[in-house]
Amino acid sequence: MINQDYQKFSCIKNLVEYKDIFHELVNFYGEDLNDKIVIDGSVYTLHDFNNHCTDIYKIISEVLLDSKRAYSDGLSSKELYLLDLAVLFHDISMSCDIMVERTNHSQKSAQKVQDIYDDTESPLYKKAQLNQNDIKILKAIILAHSDVKDGSVPVEKRGLNDPTLRDDMPTRIGSVRAKLLAGILRLADELDITSDRLGNTNIEKNLKSVREKFLDMDMQVRSKEQEVNQDKYEKYKKYVESLSHWEFLHLFSQVTRESQDDIVYLVTDDQHIQNLLDSGSTSAELARKILKVYDKVIKEWREIKHKTIDDSHQKLDVKSFFPVTDIRVKCSVDSVRKELDRQMDNIKNVKEVSMNQNTEKDFSDNGNATENKFSNSGNQSEQCVQLISDKLSNMLKREIKRRHLLRVGHFLLDDNFCARDWIDTKEVVETKVIVDDIVECFIKHIKDTCDLQKKYLVVGLDLEGALLASRVAMGMKMPFSYIIPVRDRLNSSPKETELSVVEYDGIILIVDAIVTFDTIKKALNDIMKSNQLGMEQMQEKITHIYSIFYRKNNLVNLEEMEGLHRKTFYGNDDFPIELFKKEECRYIKEGQCLALNSRLRGNNSNEMHSNI
Amino acid sequence: MQVYEEQDFVMIPLAMNAFFYNIPVGTDKIRYSNSVSIGEKFLAILVQYFDKVDEGKYIILDLQDTDYAFHLFQKLKTITRPILFLNIISETLHDKIKEDLPTIQFSAEQRYAVLNISFDDTIKEICEKYSSSVISHNIYVKIVRNLIDDIPQNPVEPQKLDSSGLYSNMYVNVKRLFKYPENYYSIAFGLAKKIVDSKIEYDGLISSSKNGAILANLLGMLLNKKVIHIIGLGPKYSMNTGNLQKEIKKRKNYIYVFDFRCTGTEMKALLALISANEAYVTGATGIAVYKSDQIDIVNNNLMYLVDLKTENIPYKIAGEKEDIITLMSKQQ
């Protein structure tokens, strides 16, 4: 049953001569979109007319377009009609089958429109008053609304870069700014991120019960306890992937545009966020999730603005009815807002640093003496370390909690600090289900970010790092080695401590957990000496540092990490560590530290195994 | 390409090489299987390799534990140099080769075949000499020889073996193995094959040295088995004994993985520890042993790739530093 709310929005009300036809098409094809996908007797949809398409009409009408100008001087009636049709049909390929690949759904939807039009009995052909040119334009807009990522379309021709998408595509009654319309649709689609899209809660409940079933199946697959129905497994996997998108939708309650400055705000659902904080989520984690959505939206907006407004020879005209100037996040939960501001600043700082790097290169290209602008650019803070994947982060958090791998007590970190808890990273790397995911993520990241024409050496620090490095290196068919931390050298033969790196273009360093970077620095200093490398050469050689955990702490300032943190990628940072200076530590008896990880020796030496 | 060369021959174990070349870069999970499939990609690399071999040399292909899709070997029709096919064990493989290479000649027992050459006595002798596993074994010996570091002679500095407190005249630098992907792939493949062929029942792999831990880790992935690392045994007291009781499950069977076993001191300590936790070590596997005729509890299930003594590698041990120095001077 089609919900008639969509008729209230200005982009529909102003259809004028096409209004009746459009309603007919909605009543016919909207039902198609509202067709449900059945999961185990319950229903599920994410790309339906009543929620998703209606939301887009609302966003176009109330957020993106100026209601006074858009329909009088802005869009022509044909343009508005084609835009509304594009909204109606843009996800038609997704509606009926969860197994449709998201990577090429725009292509499939465009093709479906052609197929429908080719059926001479269809309402689209008989009643829509569209000719072949109009269909071409409609298809081009639908195709451009989402980049085709299955490899069939080169990057430079995806989305709004499609050369067939122009701003002067001819119709019987004048030309249509198809690129602009595609831009509006893309942005509106991206902005449909609020809980309005969720529909009723039954759908989500059903998805959550599917997730439980999937996790059971997944455990069976990993442990090979029994055979599973492969088709069902793949289907459930897709539902679970969709569920992660749904969980993001809860974070935002609305999208608005302030008329005084034409800034669009993604307004968070503060009640929901507070509930999440109360049930154990951290502000950092929530901020990250919010920014993940925001980042996608702002990137999309910038591209659209560049390609459809700034590039347009009618820039001023377009801006008059498509007035959006910026997109921001609005959150009233204090702790999360502060975290958002902090993480946003870091993103900006990283971009500033990158710009300064370019400046430095220009400087040296001119043959002039170079000032090290890079190190003087400031704000190279710990937050430049990067999370590899939210999925990995969530998995690690879940498994650490489930398996009680965070040990509470008194532990020695290094010569200077004690800590109040410890992650049993040895257990982490010995547990197949965890280490498989870590290795998969690390390998994927290396493939995506390293120049594989170069010769890399994968180096693991300490036992846990060595174990991970061996798996990663074997998967990448790279040479690997390991570093024995300086504190353990006494227990190893000199040959075991040797490491030659000169013959390699780059080093990928893998560790289990980073707290102060101290052990890494010591190890690298050692390599520098034994290989007779200077500091800059060493810095250049280290291309990536991977760590399972990145444990923020209260005492050590990571701003002096000499650029190491900028090359650091980690799996999870949900376990900050509380440090105490050793000289202030109370857990000392008869001159010996009572740390749980002290070696039981007759002497007073406090050798330790530790997180790094 | 892993090959073993003699004066007139270049010998290529296909299973070991196909295992390496079949795996695309960026694979996060690699599994061992009893039979390795030769695909188009590997065959193309193989044919390319043939072009680099001296014209006068015969190519010997060891087909043990391999298989391929029909018609693939037709591409070998264009090769004009003599090729010997060894260890054609399965009937299916035999039929495929026969169909793809109509001019091939099989031996009486159908286990060997030759292309572009006649089956004379010399060829028969070669085929019988290089029966199953010999070629692979020679490659493992070659890899291990490259790991051995001689001790500096002036001044003489014997290698101290931390686990037993003895001294040796050579150091088996297993760490160096990992710098050569083809080599560590081959070793991992060889050890996995040993374990699978032994049909030992086991629930997991256990190690007590760093290099052993790395090997065990790779084997654990190839064989999809749990791996436990107990580091710091022998004269040094492990800090992880508390965890040990949690990790080693009662009545479970483990295979001990080592890199190089000299006297077996670490293994003995581990066996005692495992036994104390009411679990069992049903076998031991590693790259090389000093000598395999030592008597120990896992003797019947000791799986190794290279025995230094058998290969005439002059590895020596002694209890005192002066003794080993004397031994080394006598050697000179």
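## Salt bridges, sheets and cores in a predicted model

E258(A) has a relative accessibility of 21%, so this residue counts as partly exposed; the cut-off for buried is under 20%. Keep in mind that what you're looking at is a predicted model.

What does E258(A) pair up with? Its salt-bridge partner is K330(A), with 3.5 Å between the closest N and O atoms. E258(A) belongs to strand β5 (residues 252–258) of chain A and K330(A) to strand β7 (residues 326–330) of chain A, so the bridge ties together parts that are 72 residues apart in sequence. K330(A) is partly exposed too, at 36% relative accessibility.

Over all chains, the structure holds 35 salt bridges. Here are some from chain A:

| Salt bridge | Closest N and O atoms |
|---|---|
| K330(A) with E258(A) | 3.5 Å |
| K397(A) with E285(A) | 2.6 Å |
| E430(A) with K426(A) | 3.0 Å |

The K397(A) and E285(A) bridge links distant parts of the chain: K397(A) sits in helix α17 (residues 390–402) of chain A and E285(A) in helix α13 (residues 283–310) of chain A, 112 residues apart. Both K397(A) and E285(A) are buried.

E430(A) and K426(A) are a local pair: they lie four residues apart in helix α18 (residues 425–430) of chain A, which means about one helical turn separates them. E430(A) counts as buried because its relative accessibility is 5%, and K426(A) is buried at 8%. Chain A also has a salt-bridge network that links R288(A), K292(A), D390(A), K552(A), D573(A) and D574(A).

E464(A) is part of helix α20 (residues 462–476) of chain A. Leaving out residues up to four places away in sequence, E464(A) touches T425(A), K426(A), V429(A) and D512(A).

Chain A has 23 helices and 18 strands, and 55% of its 612 residues count as buried. If you take contacts between residues at least 6 apart in sequence, 73% of them join residues at least 24 apart.

Chain A has an open, parallel sheet of six strands, ordered β8-β15-β14-β13-β11-β12. Its edges are β8 (386–387) and β12 (480–483) of chain A, each pairing on one side only. Helix α19 (residues 432–449) of chain A lies across β13 (506–514), β14 (542–550) and β15 of chain A, at about 155° to β14(A).

**Over to chain B.** Here an open sheet of five parallel strands runs in the order β14-β13-β15-β16-β17 (chain B), with β14 (226–229) and β17 (302–307) of chain B at the edges. On average, neighbouring strands in this sheet are turned by 20° against each other, direction ignored. Five bridges in the parallel sense pair β16 (residues 280–289) of chain B with β17(B), and G286(B) stands opposite Y304(B). Helix α5 (residues 134–145) of chain B lies across β16 and β17 of chain B, at about 70° to β17(B).

N224(B) counts as buried because its relative accessible area is 16%. Its C-alpha atom is 9.1 Å from that of G204(B), 20 residues apart along the chain.

Strand β6 (residues 83–86) of chain B is covered on both faces: I83(B) and F85(B) are buried on one side, L84(B) and L86(B) on the other. Parallel to β6(B) runs β4 (residues 58–62) of chain B, joined by four bridges, with I59(B) partnering I83(B). Antiparallel to β6(B) runs β8 (residues 113–115) of chain B, joined by three bridges, with L84(B) opposite V114(B).

F85(B) also turns up in the largest nonpolar core, where I12(B), I38(B), F73(B), F85(B), I97(B) and L308(B) touch the most other members out of 128 residues. Apart from it lies another core, of 92 residues, including Y6(A), A188(A), I290(A) and C331(A). Beyond its sequence neighbours within four places, I12(B) contacts residues including V3(B), N17(B), F50(B), I59(B) and I135(B). N17(B) is one of the buried residues of α1(B), a helix (residues 14–22) with eight of its nine residues buried.

Notes:
Residues numbered from 1 in each chain as written. Chains lettered and ligands numbered in written order. Predicted model: local features only at pLDDT ≥ 70, side-chain atom pairs only at ≥ 80, totals over all residues. Heavy atoms only, no water. Pairing = 2+ DSSP bridges. Helix = DSSP H or I, 4+ residues; strand = E, 2+ residues; numbered from the N terminus. Contact = heavy atoms within 4.5 Å. Axes fitted to C-alpha atoms, helices over the stretch in contact; angles between N-to-C directions. Buried < 20%, exposed > 50% of the residue type's maximum accessible area, 1.4 Å probe, protein only. Core = buried A, V, L, I, M, F, W, Y, C linked by side-chain atoms within 4.5 Å. Salt bridge = Lys/Arg side-chain N within 4 Å of Asp/Glu carboxyl O.
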